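The following exercises are to be worked with the sequence and the model at hand.

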Amino acid sequence: MRSEMLSQEKNVLSIKVEFEPGEFARNVDKAVKELASKVNIPGFRKGHAPRKILEMRFGKQAIFAEALETMLPDAIEEIVKEYELDLIDEPSVKIEKMEEGSPVEVVLTFEVSPEITLPQLEDISVERAVANVSDETLEGTVQEILKQNSTLVPVEGRPISGTDTVAIEYFTILSGENGEEERHGPDTTTLDLSQSSVRTEIRDALLGKEPGGQAEAEVMVEEDYPEKNLVGKTLRYDMTVTEVKERVLPELTPELFQKILHQECASEEEFREEVKKRIHERMQAENQSRAEYDAVELISGKADLDVPETLITRQVEAMKKEDEEKIQRSRNISMDEYLQETGTTKEQYEEGIRKQAETIVRRSLVLDRIAEDLKVSVEKEDFEAEMATLASTYKIDADRLVNSLFKDEKRLMEVANRIKYRKTVKAIMEAVRVSDAAAPVTEEQQNG
């Protein structure tokens with residue numbers, strides 16, 4: 001077999017392959033024998049039909065094509081090694097000349113990973129926010145922890161306050177254009193009035209009422225409401241208070257601290273210090289993740305490459321399938337129904353998902369190139385560490401987890417890719433310039 005590069009345009013290469021007449025003849029003979037062993041032809045024992053009879057039945061070119069098909073895999077593998085190709089799709093095959101007694105000529109067109117010019121990593125600068133746990137953050141977290149471990153106790157004989165949890169029965173009234181009203185209900189729900197998700201109009205209407213009391217609230221339907229036909233309209237809620245409960249926080253005891261933190265704390269001070277420490281660790285991890293994301297995005301944006309349409313299309317299809325399955329699981333509706341509900345056209349959805357797909361593919365290609373340049377690899381020790389972490393998290397036997405993983409090729413590749421991604425990002429962060437900076441002041445901190 002001989003090969004010759006014909007052309008290269010961006011990431012598409014055309015290579016001419018020529019097979020020797022003798023090699024082709026041997027594979028034609030094999031194809032004839034294989035075909036004869038599989039078909040029943042009247043008048044001949046299975047496997048003994050002459051070649052001319054087979055050619056009359058199936059055609060000479062079909063037999064030649066069978067022979068060529070057996071030759072191509074090894075030829076493609078040899079070419080990939082010789083030209084060091086990183087394929088992103090199966091090659092296309094065009095037969096130039098195929099007849100016995102002459103060299104067989106085939107043109108193979110390969111789509112490979114694109115050329116990528118990376119920026120100098122040491123020229124990339126990212127900021128990493130410094131973790132700082134304010135007194136307000138600590139107090140808010142402690143109160144949220146206590147709230148999660150609190151109990152709700154029914155109350156009577158006093159008006160509803162802004163910290164109560166209220167059970168209501170309600171009717172929903174929609175005014176029509178002709179002045180008629182559509183009345184739906186009754187329905188029931190429970191509202192924690194301390195939550196910001198409760199509409200102000202509803203909270204204000206309930207404050208001051210007692211069990212059995214009536215309340216009425218009018219609410220304008222906003223843009224993000226799922227049922228788009230109601231957006232901009234006013235709904236009236238006729239509510240009856242059926243029960244009021246107040247939240248009783250637990251006592252701050254060593255037993256409570258042990259239950260919450262799974263470690264001993266002798267005093268409230270120790271408890272708060274441990275909570276503060278854990279908030280700080282979480283902030284550090286989040287700030288590091290944000291800096292890593294910024295570094296990857298900067299490098300990806302500065303890299304010079306043409307993102308192959310084949311990879312974008314493949315990513316789009318995978319994302320659309322994932323979206324459809326997610327919507328089917330959570331809402332039990334089709335994608336078309338979901339788009340109609342959200343007021344999104346198919347064109348808008350397609351445009352948005354394509355942009356996301358192109359960004360994902362671009363980032364992936366850049367990271368693969370960086371991993372290659374920095375010689376990042378996934379070793380046995382990496383798998384063992386990953387399995388130990390997973391086993392500890394899910395409280396299962398590590399050896400059993402390893403055995404099950406190595407029986408599932410898809411999961412194995414997912415784990416390997418996850419490890420490779422983490423190691424690549426770590427290598428990037430060691431190469432770029434990282435400066436620690438104070439976290440930006442939030443609007444709440446400015447006003448508070």
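**Exercise 1.** Which residue in β4 is the bridge partner of Ser 92?

*Solution.* The model is a predicted one. Step 1: locate the two strands; β3 covers 92–97, and β4 covers residues 104–111. Step 2: consider their pairing, which is antiparallel and runs over five bridges. Step 3: read off the partner of Ser 92, which is Thr 109.

**Exercise 2.** Determine the strand order of the open sheet and identify its edge strands.

*Solution.* Step 1: the four strands are arranged as β1-β2-β4-β3, with antiparallel pairing. Step 2: β1 (2–9) and β3 (92–97) each pair on one side only and are therefore the edge strands. Step 3: from one strand to the next, the twist averages 20°.

**Exercise 3.** Decide whether Met 283 is buried or exposed, and list its contacts beyond four places in sequence.

*Solution.* Step 1: Met 283 lies in helix α7, residues 268–302. Step 2: its relative accessible area is 17%; because buried means under 20%, Met 283 is buried. Step 3: beyond its neighbours within four places in sequence, Met 283 contacts Ala 131, Asn 132, Val 133 and Thr 137.

**Exercise 4.** Classify the packing of α7 against α10.

*Solution.* Step 1: the helices pack at an angle of about 95°, with axes 9 Å apart. Step 2: angles of 65 to 115 degrees count as roughly perpendicular, so α7 is roughly perpendicular to α10. Step 3: the contact includes Val 296 and Ile 299 of α7 and Val 366 and Leu 367 of α10. Step 4: by class, the contact residues are five nonpolar, two polar and three charged.

Key. Residues are numbered from 1 along each chain as its sequence is written. This is a predicted model: local features need pLDDT of at least 70, side-chain atom pairs count only at pLDDT 80 or more; totals for chains, interfaces and linings use all residues. Side-chain values use heavy atoms; hydrogens and water are left out. Buried means under 20% relative accessible area, exposed over 50%, partly exposed in between (1.4 Å probe, protein chains only). Contact means heavy atoms within 4.5 Å. Two strands pair if DSSP finds at least two bridges between them. Axes are lines fitted to C-alpha atoms, for helices over the stretch in contact, and angles run from 0 to 180 degrees between N-to-C directions. Angles under 35 degrees count as roughly parallel, over 145 as roughly antiparallel, 65 to 115 as roughly perpendicular and the rest as oblique. Ala, Val, Leu, Ile, Met, Phe, Trp, Tyr, Cys and Pro count as nonpolar, Asp, Glu, Lys and Arg as charged, and the others, Gly among them, as polar.
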